[in-house]
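Have a look at the two chains below. We'll walk through them by asking and answering a few things about the fold.

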Amino acid sequence: MSASTTSTHRWQLLLGVALTMVVALGSAFVLTGAARGGASAVQSAASQPLGGDCPDIGSLVAAASTTTASTTASTTATTHGASAAALRAGLDTVLSRARGLARTTASDDARESVQNLADDLAAYRLSVTRPATDRHADIAATVRADLTALRRLCGH
Amino acid sequence: MAPPHTPARRAVLALSTLVAGLGLAVSSVGAAAGAAAYLYVGGGGCSDTGAGTAAVPFCTIAKAAKVAVAGQTVLVSSGTYTDEVFPWHSGTAGSPITFQPAAGAVVTIAGAKHGFTISNQSWITVSGFTVRDTTSNAFYVFNATGVRLSNNTARGSGSPVSGATAYGMYLNSMTGSVVTGNLVTDNSASGIYLTNGSTGNQITGNESSWNAYGYVRNAVGIDLRAPGNLVSGNRVHDNEDSGIQSYPGGDRNTIVDNVSYHNKGFTTAALTNCSPPPTGNTAGCITGDHGIDDFGVTGSSVVGNTVYDNVAAGINLEGVASGTPSGFTFADNISVDNAASCPNGAGGTVKCPRTRGDIRVDATSQLGTRLDYDLVNLSVSGTMMVWGSTSYTSLAAFQAASGQESHARQADPRWNGPAQADFSLRAGSPAIDSADSSAPGQPALDAAGRPRVDDPSTTNSGVGVRSYDDRGAFEYQPPTTRGATS
């Protein structure tokens, strides 16, 4: 093997090592940067103000208030076929909206308050279809408190 | 002479350099994760622009939380901090990020919005802090796994005003986590709240007490709106509503070895769902509710609990959809003097205003519900059991009518000091060596972490893998065999 061939091979080897190091450093940068960027994105999301959610929250509160008011007024009729089915359907719609908003909001505050409403609406739905009036009154009071909390959250 | 560079050798060289390069890349990343084992917070000479060393610690826990990575422990010096602590990174299963007071330090976080917010980060341990007077929940967890909250105090969260209330620990979409040994008290919503699919968690050995909204009777010691969790060995008492509650979403929970007592009180505040006494201060409201309440949930075990002196039915199951088997097991519990006597706000007592009985199963929840090996008693005449729409004043009458509880006992459990909340058993207790040790969830240790012991003075009447487990949350420890299993 000639000296020039050996020199060429050494040069190629050094170039390969250098390229690999560049790639490696780039990979490290990308990896650590991704981790930091991911954390930053998550942190940003966790701290996001809720202003953007307030129109949806306002609409949800209005719908929930209307539905629970109507079911409260109709509680004595809830065990009767069509009436009970209509009440449940109305509550299902509101409950679905609350759960959806709890999933999609980026605000911790909104998520918590809407999740509380969803949890209590699920109990409320049961309470109006069961002959347990003490339970119904307790849960209705809780739902009202949830709605108040949501109104205050958005400054209403 | 160097060997010739054949294609094979060139391939080996290329592979070697690639491996070396990848190793460099990995070590570059690992350097961050392999940083100092400890970060320090608080004390003289602190600076949030430093590196958090012992010599120059960070001033705030929040700063440490921003930079801490897997495997690091944040040690906090004594003091009262006003930080809201957000961990910015996750730990790993083998290398969590840990926050704890330095050795001997007493650390309080006060006045922040939350004390700790663990949102979208996992494998975080928080141990030994007092978090008080936060404007929102003292501890807030969202979308996290492998969290451990241990030996903390969460006190005075929020305000008892509509729209300003807060939980002690609010746990949303938390999985595979442990909440243990915490004191959660005097918060303006429920003490510990699990929701939105939080599952596979262990809620053990906590005390949750004196939690109250103040304007609506609704604060619970431990509130379960999520399925598949273990709730064991907790003490829940003097809450505004029930001690432990499973509500829609809270299916298939294992509720064992808890002590739920005196969730009962009186307030002159005007609660929106007030239960006024019929005599005495009729303008005030009786507070409290069940010891353990299950509403509209299925598939849970309520086993080996001690339930005493709550306002409403001690252990309650209602609201299961008609025709749906509840899948509930009640076994090995001691339930005594529930709904027996309530304060009238004028120094006297009245009959309690709502549901009655040491154990109650409503009409739609009977199907698929199994009750056995419980011990019940009332020290005053009243409703002992409710099955469907019928109340029974004695266990015998209930057994005859329902076919349930064939091994139950009606007797004084012989506790050492119920007035002092000491529910350990005295010698000769009918609870000793008489439980079903194979009841679902019945643990091998009692609520105090002591082993099951065969009392030589008592003939074993229990069944299952051990015939000498005791009913209730505490295992009698005979003087001659204390600490020994047989």
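What follows is a set of questions and answers about this structure.

This is a predicted model, where local features need pLDDT of at least 70, side-chain atom pairs count only at pLDDT 80 or more, and totals for chains, interfaces and linings use all residues. Residues are numbered from 1 along each chain as its sequence is written, while chains are lettered from A and ligands numbered from 1 in the order in which they are written.

Q: What pattern does chain A follow along the sequence?
A: Helices here are DSSP runs of H or I with at least four residues, strands are runs of E with at least two, and both are numbered from the N terminus. Chain A has five helices and zero strands. Reading along the sequence, you get the pattern α-α-α-α-α.

Q: What percentage of the residues in chain A is buried?
A: A residue counts as buried if 20 or more other C-beta atoms lie within 10 Å of its own, exposed if 12 or fewer, and partly exposed in between, with C-beta atoms placed from the backbone. Chain A has 156 residues, and the buried share of them is 37%.

Q: How many residues of helix α4 of chain A are buried?
A: Helix α4(A) covers residues 108-128 and spans 30 Å from first C-alpha to last, close to the expected 30 Å at 1.5 Å a residue. That expected span is 1.5 Å times one less than the number of residues. The helix is mostly covered, and of its 21 residues the buried ones number 20.

Q: Which residue in β10(B) is the bridge partner of S127(B)?
A: Strand β7(B), residues 124-127, pairs with β4(B), residues 97-101, in the parallel sense over three bridges. There, F99(B) stands opposite V126(B). β7(B) also pairs in parallel over three bridges with β10(B), residues 148-150. In β10(B), the partner of S127(B) is S150(B).

Q: Which residues make up the uncovered face of β7(B)?
A: In a regular strand the side chains alternate between the two faces of the sheet. In β7(B), the covered face has I124(B) and V126(B), and the uncovered one has T125(B) and S127(B).

Q: How far apart in space are V74(B) and F99(B), C-alpha to C-alpha?
A: V74(B) sits in strand β2(B), residues 73-76, and it is buried because 27 other C-beta atoms lie within 10 Å. Two residues are in contact if their C-beta atoms, placed from the backbone, lie within 7 Å. Leaving aside neighbours within four places in sequence, the contacts of V74(B) include L39(B), I61(B) and F99(B). V74(B) and F99(B) are 25 residues apart in sequence, and their C-alpha distance is 4.8 Å.

Q: Which residue in β5(B) stands opposite T80(B)?
A: Another open sheet of twelve strands in chain B has the order β3-β5-β8-β11-β14-β17-β20-β23-β28-β31-β36-β39, with parallel pairing. β3(B) and β5(B), residues 107-110, pair over three bridges. Opposite T80(B) you'll find T108(B).

Q: Is A339(B) buried or exposed?
A: Most residues other than glycine have a negative phi. Phi of A339(B), however, is near 55 degrees, a positive value. A339(B) lies in the loop between β31 (334-336) and β32 (342-343) of chain B. With 30 C-beta neighbours inside 10 Å, A339(B) counts as buried.

Notes: Pairing = 2+ DSSP bridges.
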